[in-house]
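Student: I have a structure open and want to go through it with you. Can we start with the terms and then work through the parts?

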Amino acid sequence: MTCPTCRRPIPDDKLACPGCTEDRSRAALTAYQMAPLRKVAAGEGDLTLRLIDAGKHIQMFGADRTFCNLNIPPKSERKRLAYVPEDLAKVCSLCRHHLNRAMEAACPNSAP
Ligand SMILES: [Zn+2]
Ligand SMILES: [Zn+2]
């Protein structure tokens, strides 16, 4: 069977196109970030920092996933991260990039 959306073949053992399912869940997860990010921008909430393989990444809200799309091992250390330039400067640049884009979408003109 071929996916009607992206025209890629769907494996016989799958009911839905894996690529499109992944895209949809990522889009839903991105949309889910908007409300908590507005709180962070308003100073009413913090971001969550996760230490993974000596790297510092920002956890997405409501998922065991970082903004740079890494799966978060359950035992990785967790810290609070304030939305201020000094603290953001210490984290993974890809996380920062995706966080900034999500933040622009959540609330324009909120850059710290
Ligand atoms: Zn597809
Ligand atoms: Zn990262």
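Tutor: A residue is called buried if 20 or more other C-beta atoms lie within 10 Å of its own, exposed if 12 or fewer, and partly exposed in between. This is a predicted model.

Student: Fine. Which residues of α4 are buried?

Tutor: C95, L99 and M103 are the buried residues of α4. The arc they cover around the axis is only 65 degrees, which puts them on the same side of α4.

Student: And what is exposed on the other side of α4?

Tutor: S93, H97 and R101 are exposed there, on the other side of α4.

Student: What do the buried residues of α4 pack against?

Tutor: They pack against α2, residues 34-41, and against β2.

Student: How do the axes of α2 and α4 cross?

Tutor: They cross at roughly 90 degrees and come within 9 Å. Angles of 65 to 115 degrees count as roughly perpendicular, and α2 and α4 are therefore roughly perpendicular to each other.

Student: Which residues meet there, between α2 and α4?

Tutor: From α2 they are M34, L37, R38 and A41. From α4 they are A102, M103, A105 and A106. M103 is also one of the buried residues of α4.

Student: What span should α4 have, going by its residues?

Tutor: Helix α4 covers residues 93-106, which is 14 residues, and at 1.5 Å a residue it should span 20 Å. The end C-alpha atoms of α4 are 20 Å apart, so the two agree.

Student: Let me zoom out. How many helices and strands does the protein have?

Tutor: There are 4 helices and 3 strands. Along the sequence the pattern reads α-α-β-β-β-α-α.

Student: What box do the C-alpha atoms fill?

Tutor: Roughly 50 × 35 × 20 Å, taken along the principal axes. Of the 112 residues in the protein, 18% are buried.

Student: What about contacts, how many join residues at least 24 apart?

Tutor: Among contacts between residues at least 6 apart in sequence, 56% join residues at least 24 apart.

Student: On to the sheet. What is the strand order?

Tutor: The order is β2-β1-β3, in an open sheet of 3 strands with antiparallel pairing. β2 (55-59) and β3 (77-81) stand at the edges with a single partner strand each, so one side of each has no neighbour in the sheet. Neighbouring strands are turned by 35 degrees against each other on average, with direction ignored.

Student: How many bridges join β1 to β3?

Tutor: 5 bridges join them, and β1 here is residues 47-52. L47, for example, has L81 in β3 as its bridge partner.

Student: And β1 to β2, how many bridges?

Tutor: Also 5 bridges, with the strands running antiparallel. In that pairing T48 stands opposite Q59 in β2.

Student: What sits between the strands in the hairpin of β1 and β2?

Tutor: There are 2 residues between the strands, and D53 takes a positive phi near 50 degrees. A54 is in the loop between β1 and β2, and its phi is near 70 degrees, a positive value in a residue other than glycine.

Student: Is A54 buried or exposed?

Tutor: A54 counts as exposed, because it has 5 C-beta neighbours inside 10 Å.

Student: Where is N69, and what is its phi?

Tutor: N69 is in the loop between β2 and β3. The phi of N69 is near 75 degrees, again positive in a residue other than glycine. With 13 C-beta neighbours inside 10 Å, N69 counts as partly exposed.

Student: Last topic, α1. Where does E22 lie, and is it buried or exposed?

Tutor: E22 lies in helix α1, residues 18-32. It is exposed, with 10 other C-beta atoms within 10 Å. The C-alpha atoms of E22 and A63 are separated by 14 Å, and these residues are 41 apart along the chain.

Student: And A31, buried or exposed?

Tutor: A31 is found in helix α1 too. A31 has 12 other C-beta atoms within 10 Å, so it is exposed. Its C-alpha atom and that of V91, 60 residues apart along the chain, are separated by 22 Å.

Note on methods: Residues are numbered from 1 along each chain as its sequence is written. Chains are lettered from A and ligands numbered from 1 in the order in which they are written. This is a predicted model: local features need pLDDT of at least 70, side-chain atom pairs count only at pLDDT 80 or more; totals for chains, interfaces and linings use all residues. Two strands pair if DSSP finds at least two bridges between them. Axes are lines fitted to C-alpha atoms, for helices over the stretch in contact, and angles run from 0 to 180 degrees between N-to-C directions. Two residues are in contact if their C-beta atoms, placed from the backbone, lie within 7 Å. The expected span of a helix is 1.5 Å times one less than its number of residues. The arc is that of the directions from the helix axis to the C-beta atoms. Angles under 35 degrees count as roughly parallel, over 145 as roughly antiparallel, 65 to 115 as roughly perpendicular and the rest as oblique.
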